[in-house]
Amino acid sequence: MSRVAIVTDSNSGITQDRGKELGIYVLPMPFFIDGKLFLEDINLTQDEFYRRLGENSDISTSQPSPGHVMDLWEEALKEYDEIVCIPMSSGLSSTCSTAMSIAAEYKGRVQVVDNQRISVTQEQSVYDAMKLRDQGKSAAEIKEVLEREKLQASIYITVDTLKYLKKGGRITPAAAAIGTVLNLKPVLQIQGEKLDAFAKVRGWKAAKKAMLNAIEKDLNERFADVKDDMILGIAYTCTKEEAKEWKQEVMDRFPGYDIVEGPLSLSVACHIGPGAMAVTCMKKV
């Protein structure tokens, strides 16, 4: 039986230490802060990132260099026969397409999964890949399963401030100004490739309700046939105390569901800022 290594990136929320515990490889995502290169969870912590974000530092996302990707793959292939690589969604970054181009040089030994996931949904894909590997499936078979079920997930996000959506050009300065005065909270969604607008409500209470209602509708309609195989997730850029309260709200609304949780990817946080909360539902293998 072929030995299969699993590789993901730090957009999954899986830290380097957690990756070692799981026996997988985690590629750190690069960021430029005031012109200097940082690598997530290597020389850039969550606390440092948000400190610099709060200081209005010039922060931009990037993608791992081909050399860095190949170095990690070569390290994995010293111990394993094949690799399943699960990068962040191709709709949110060119990281996935770059990895696919590089993988062509490995003559089938590296299978790059384009399953449109990020944050806790991407993390769940890693767990699914581990389960499939342990069942004896090859890298190509794992890729086929994950891509076949890639749209069996939803993410809804509410932001605390419109500052970063304005900065990234996702809303106009005028809309941001009006929204701030009226305490408007946009609810964003990721279903498939893109981060899109879903709803616009007034205040946190209404925003949370809109997200929970959306998840309930997905579970009862979009995912009705696989409802028993769904799990929930929460992700956030808010404080741990606020995240704990948010998790309790989700558990109260949807008792009996397993919940995966963790901070939102810093690549997403760049565009939405601190204080955000998200809820997800996803099918597990």
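Let's start at Ile155, which sits in strand S8, a run covering residues 153-158. Helices (H or I, at least four residues) and strands (E, at least two) are DSSP runs here, numbered from the N terminus. Ile155 counts as buried because its relative accessibility is 6%. Buried means under 20% relative accessible area, exposed means over 50%, and partly exposed is in between, with a 1.4 Å probe and protein chains only. From Ile155 to Lys247 you go 92 residues in sequence and 15 Å in space, C-alpha to C-alpha.

A quick word on what you're looking at: this is a predicted model, where local features need pLDDT of at least 70 and side-chain atom pairs count only at pLDDT 80 or more, while totals for chains, interfaces and linings use all residues. Residues are numbered from 1 along each chain as its sequence is written, and side-chain values use heavy atoms, with hydrogens and water left out.

Now for the salt bridges. The structure holds 15 of them, each being a side-chain nitrogen of Lys or Arg within 4 Å of a carboxyl oxygen of Asp or Glu. One pairs Lys185 with Asp160, with the closest N and O atoms 3.6 Å apart. That pair links distant parts of the chain: Lys185 is in strand S9 (residues 184-190), and Asp160 is in the loop between S8 and helix H7 (163-167), 25 residues apart. Lys185 is buried at 6% relative accessibility, whereas Asp160 is partly exposed at 38%.

Another joins Glu249 and Lys208, at 2.9 Å from N to O. Glu249 belongs to helix H10 (residues 240-253) and Lys208 to helix H9 (residues 204-222), so this bridge ties together parts that are 41 residues apart in sequence. Glu249 is partly exposed, at 29% relative accessibility, and Lys208 is buried, at 15%.

Then there's Asp34, which bridges to Arg52 with 3.4 Å between the closest N and O atoms. Asp34 is in the loop between strand S3 (30-33) and strand S4 (36-39), while Arg52 is in helix H2 (residues 46-54), so the pair ties together parts 18 residues apart in sequence. With 47% relative accessibility, Asp34 is partly exposed; Arg52, with 14%, is buried. Both residues belong to a network of salt bridges that links Asp34, Glu48, Arg51, Arg52 and Glu55.

Helix H3 (residues 66-77) is the next stop, and Glu75 is in it. Glu75 is partly exposed because its relative accessibility is 42%. On the surface, Asp71, Glu74, Glu75 and Glu79 gather in a patch of negative charge. Patches like this are made of residues with over 30% relative accessible area and no salt bridge, with like charges joined within 9 Å. Val69 is found in helix H3 too, but Val69 is buried, at 7% relative accessibility. Its C-alpha is separated by 19 Å from that of Arg18, 51 residues away along the chain.

What about the cysteines? A disulfide is a covalent bond between the sulfur atoms of two cysteines. Taking a disulfide as a pair of cysteine sulfur atoms within 2.5 Å, the count comes to zero. Cys85 is buried, with a relative accessible area of 7%, and Cys281 is buried with 0%.

Methods: Patches are made of residues with over 30% relative accessible area and no salt bridge: like charges are joined within 9 Å, nonpolar side chains (Val, Leu, Ile, Met, Phe, Trp, Tyr) within 5 Å. Accessible areas come from the Shrake-Rupley method with a 1.4 Å probe; for residues, only the protein chains shown count as cover. Lys and Arg count as positive and Asp and Glu as negative; His and the chain ends are not counted. The place of a charge is taken as NZ of Lys, CZ of Arg, CG of Asp or CD of Glu.
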